[in-house]
Amino acid sequence: MTDRPRSPTIIDVARHAGVSKSVVSRVVSGRGSVGEETRQRVVRAAQELGYVVNASARAMVAHRTYTLGAFVRDAATPFYGHLLTAMQERAAGHGYRVVTATGSGRFEVSDEYRALETLAMLRVEALIVCSGLLPSERILPFAERLPTVVAGRPETHPSITSVYCDEDEGGAALADHLLGLGHREVAVVTVSMRDSVTLGPRTAAMVRRLHERGARVLEIPGAHRETAGAWATEVLGHPGITAVMAPSDRHAVALLEQLRLRGVDVPGDLSVTGYDGIGDLATPLIGLTHWRQPIDVIGSRAVDAVVQLLDGERPPDHHQALAGTLVVGRTTGPPTG
């Protein structure tokens with residue numbers, strides 16, 4: 001029977017690079033001073049030998065887990081799925097692993113709180129919370145025990161670091177786009193802050209900007225996409241309405257389906273806007289006009305911020321509100337009536 005080849009060790013890398021074991025250790029851990037030329041030599045040697053850092057061994061030596069806990073409300077949605085991927089990639093670049101707990105998208109606040117408790121019991125070094133439901137006061141107990149960053153939603157609590165897209169800017173920019181096309185009677189599918197601290201502020205910003213500029217606004221409560229048929233019926237019951245603003249791309253697509261069933265031409269009869277610009281729903285095949293969130297940047301900066309907190313530093317911006325981008329697709333146009 002042939003013995004399995006032995007995995008290369010840190011001693012093998014040191015010998016191959018012509019340096020001491022302690023130098024390799026400093027390069028692997030990212031701690032301590034090593035010249036750039038020497039560091040590159042060690043990296044090349046490790047790659048040539050196929051050396052992989054033993055994370056468990058590193059953790060035992062340093063008395064650390066090098067593990068971040070991330071809770072995402074619903075990994076099946078494009079927003080949370082892409083955010084989680086961005087965080088995992090960035091964490092790996094910092095030398096950390098990510099342990100994830102996910103909800104179904106229908107978790108109650110108490111369920112999300114228990115998920116955070118579970119992550120904390122796994123001895124994670126820090127937490128990243130990605131939920132539009134969990135209120136600040138339920139996150140604060142964890143932030144008092146562990147470095148904690150809230151990612152992907154507006155969060156301004158002075159004790160919680162956050163990274164998110166500027167919802168006020170996005171909602172106002174979409175409203176300005178419709179007003180610039182000549183729409184003066186607009187329906188907004190609104191979401192309350194109680195149901196979502198992401199969708200709530202953005203729909204409130206849409207309504208506020210429309211009112212500021214003298215438009216007539218029809219507000220239609222609509223937290224759940226399953227009620228899109230009722231939204232369509234409500235809008236079509238007001239013949240003066242020429243545009244509808246949805247709180248997300250998923251809401252917008254659900255509305256588009258219902259309008260198509262009713263023979264409504266978009267944008268000929270009615271313009272429709274979405275929000276997020278992430279994943280398959282951003283395809284030109286659908287052609288949604290929406291506000292695109294910089295999801296990769298949000299995920300990366302959230303990890304950067306939590307690593308800074310772990311290193312005893314305060315991130316330069318305690319609350320980072322990032323700018324998004326208006327993407328004009330084929331679901332909006334000038335009113336034809």
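Modeller: Helices (DSSP H or I runs of at least four residues) and strands (E runs of at least two) are numbered from the N terminus. The model is predicted, so local features need pLDDT of at least 70 and side-chain atom pairs count only at pLDDT 80 or more, whereas totals for chains, interfaces and linings use all residues. Residues are numbered from 1 along each chain as its sequence is written, and side-chain values use heavy atoms, with hydrogens and water left out.

The whole comes before the parts. The protein has 12 helices and 12 strands, and its C-alpha trace spans about 80 × 45 × 40 Å along the principal axes. Of its 337 residues, 48% are buried, a term that means under 20% relative accessible area, with exposed over 50% and partly exposed in between (1.4 Å probe, protein chains only). Among the contacts (heavy atoms within 4.5 Å) with a separation of 6 or more, 70% join residues 24 or more positions apart.

The packing of helices comes next. Two packed helices are described by the angle between their axes and the distance between the axes. Here the axes are lines fitted to C-alpha atoms, for helices over the stretch in contact, and the angles run from 0 to 180 degrees between N-to-C directions.

Helix H1 (residues 10-17) packs on helix H3 (residues 36-49) at about 120°, with the axes 9 Å apart. H1 and H3 are therefore oblique to each other; angles under 35 degrees count as roughly parallel, over 145 as roughly antiparallel, 65 to 115 as roughly perpendicular and the rest as oblique. The crossing of H1 and H3 is right-handed, that is, the near helix is turned clockwise from the far one by less than a right angle, anticlockwise being left-handed. H1 contributes Asp12, Val13, His16 and Ala17 to the contact, and H3 contributes Arg41, Val42, Ala45, Ala46, Glu48 and Leu49. These residues comprise six nonpolar, one polar and three charged; Ala, Val, Leu, Ile, Met, Phe, Trp, Tyr, Cys and Pro count as nonpolar, Asp, Glu, Lys and Arg as charged, and the others, Gly among them, as polar. Within H1, Asp12, Val13, Ala14 and Ala17 are buried. Just after H1, Gly18 has a positive phi of about 75°.

In helix H5 (residues 78-94) and helix H12 (residues 295-310), the axes come within 8 Å and cross at roughly 45°. That angle makes H5 oblique to H12, and the crossing is right-handed. On the H5 side the contact includes Phe79, Leu83, Met87 and Arg90, and on the H12 side it includes Ile295, Ile298, Val303 and Val307. By class, the contact of H5 with H12 holds nine nonpolar, four polar and three charged residues.

For helix H8 (residues 167-181) and helix H9 (residues 199-212), the axes come within 7 Å and cross at roughly 40°. H8 is thus oblique to H9, again with a right-handed crossing. Among the residues in contact are Glu167, Asp168, Leu174 and Leu179 of H8 and Pro201, Arg202, Met206 and Leu210 of H9. The contact of H8 with H9 has eight nonpolar, one polar and six charged residues.

Pro201 of H9 counts as buried because its relative accessibility is 16%. Leaving aside neighbours within four places in sequence, Pro201 touches Pro154, Glu167, Asp168, Met193 and Ser196. Its C-alpha atom lies 46 Å from that of Arg26, 175 residues away along the chain.

Thr242 sits in the loop between helix H10 (228-236) and strand E8 (243-245). With a relative accessible area of 18%, Thr242 is buried. Not counting residues up to four places away in sequence, Thr242 touches His183, Arg184, Glu185, Asp269, Leu270, Ser271 and Pro335.

Finally, the cysteines. The whole structure contains zero disulfides, a disulfide being a pair of cysteine sulfur atoms within 2.5 Å. The sulfur of Cys130 has its closest cysteine sulfur in Cys165, 14 Å away, which is too far for a bond. Cys130 is buried at 0% relative accessibility, and Cys165 is buried with a relative accessible area of 0%.
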